[in-house]
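Reader: Could you walk me through this model? I'd like to go through it piece by piece, with the cut-offs spelled out as we go.

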Amino acid sequence: MASQMTKIADLIDPEVMADMISAKVESKIVVAPFAKVDNTLQGRAGDTITVPQYTYIGDAKDVGEGEECETVKLTASTTTAKVKKAMKAVSLTDEAVLSGYGDPVAETNNQIAAAIAAKVDVDAMDALQTAQVTFDGSENVISYSGIVDAIDKFEEELNTEKVIFVHPHQVSQLRKDPDFISADKYTGEVVMSGEIGKIANCRVVPSKKVPFEGDCYKCPIVKLTQDNETEDETSALTVYLKRDTNVETERNTLPRTTDISADKIYTVALTNQSKVVIAKFSGTVKN
């Protein structure tokens, strides 16, 4: 019986890799797992979208019998977002695939997924930083008191669940706060990727994507839920997906290498200003 030869094409299957990388991307995303994913751009022409942001018309007023109700104008501001392509590529030699230490193909899957997920997180953080509502607590380091003051910027009638993204350098300050609840002491489940605890009804997620500017960290606080009686259900962030993770391979016969590339065509936009507050807290630059 003829022996079976292991071929590079058997080990590097772009269709199988696409499914694996796509699943890994979702699990590695930290900043935007709560974002709404909008697939309406798929199969449509154009690479720029216009995102409307409506202004609240104000509370209703008393109107006497036979009197006319005053009308107000519905106004909206808009922002545009351009769809872009995030891409990463790796070149593997036949020797590495067939006899390399460990599993180079699986490692390539992990590395590409991590690279694309990191880019989505960067874009999500950049979008959050465009929020119009801010809290200036830059005189002090992050604390329960400061977070409560920042939350008050939402002017909520009902206390809703939120997430606060902090820089890893701020984690020790939070852990030492008596009002911080570590995730291992929860009665409920962890719902955010990377969640380490809760404080002031905010789930705490460390991310190196949190910017440090002017001697302070700019920590986004994002509402995960809303009061359905009085608030807009539009998600704070929306990922507009033109094409999900796509993997292609190209064989180079002379050097006996295989190029593996993956891309994701999308954009991230802040779609609900009322659900984000940027809280600024003092900090020092660390290496």
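Reader: Let's start with Lys119: does it count as buried, partly exposed or exposed?

Author: Lys119 counts as partly exposed, at 33% relative accessibility; buried means under 20% relative accessible area, exposed over 50%, and partly exposed in between, with a 1.4 Å probe and protein chains only. Before going on, please note that this is a predicted model, in which local features need pLDDT of at least 70 and side-chain atom pairs count only at pLDDT 80 or more, while totals for chains, interfaces and linings use all residues. Residues are numbered from 1 along each chain as its sequence is written, and side-chain values use heavy atoms, with hydrogens and water left out.

Reader: OK, and which salt bridge does Lys119 take part in?

Author: Its side chain meets that of Asp123 in a salt bridge, at 2.8 Å from N to O, where a salt bridge is a side-chain nitrogen of Lys or Arg within 4 Å of a carboxyl oxygen of Asp or Glu. Asp123 is buried, with a relative accessible area of 7%.

Reader: How many salt bridges are there by that rule?

Author: The count comes to twelve. Among them is the one between Arg203 and Glu161, whose closest N and O atoms are 2.6 Å apart. That pair links distant parts of the chain, with Arg203 in strand β9 (residues 202-206) and Glu161 in the loop between α5 and β6, 42 residues apart. Arg203 counts as buried at 7% relative accessibility, whereas Glu161 is partly exposed at 24%.

Reader: Which residues form a network of salt bridges?

Author: Glu26, Asp244 and Lys264 are linked in such a network.

Reader: Switching topic, where does Thr267 sit?

Author: Thr267 is in strand β13 (residues 257-270), and it is buried, with a relative accessible area of 4%. A polar atom of the Thr267 side chain lies 3.3 Å from the backbone oxygen of Lys82. Leaving aside neighbours within four places in sequence, Thr267 is in contact (heavy atoms within 4.5 Å) with residues including Ile49, Val83 and Tyr240.

Reader: And for the chain overall, what share of residues counts as buried?

Author: Of the 287 residues, 42% count as buried, in a chain with six helices and 14 strands.

Definitions and conventions. Helix = DSSP H or I, 4+ residues; strand = E, 2+ residues; numbered from the N terminus. Polar contact = N/O pair within 3.5 Å; in protein donor to acceptor, adjacent residues only side chain to side chain.
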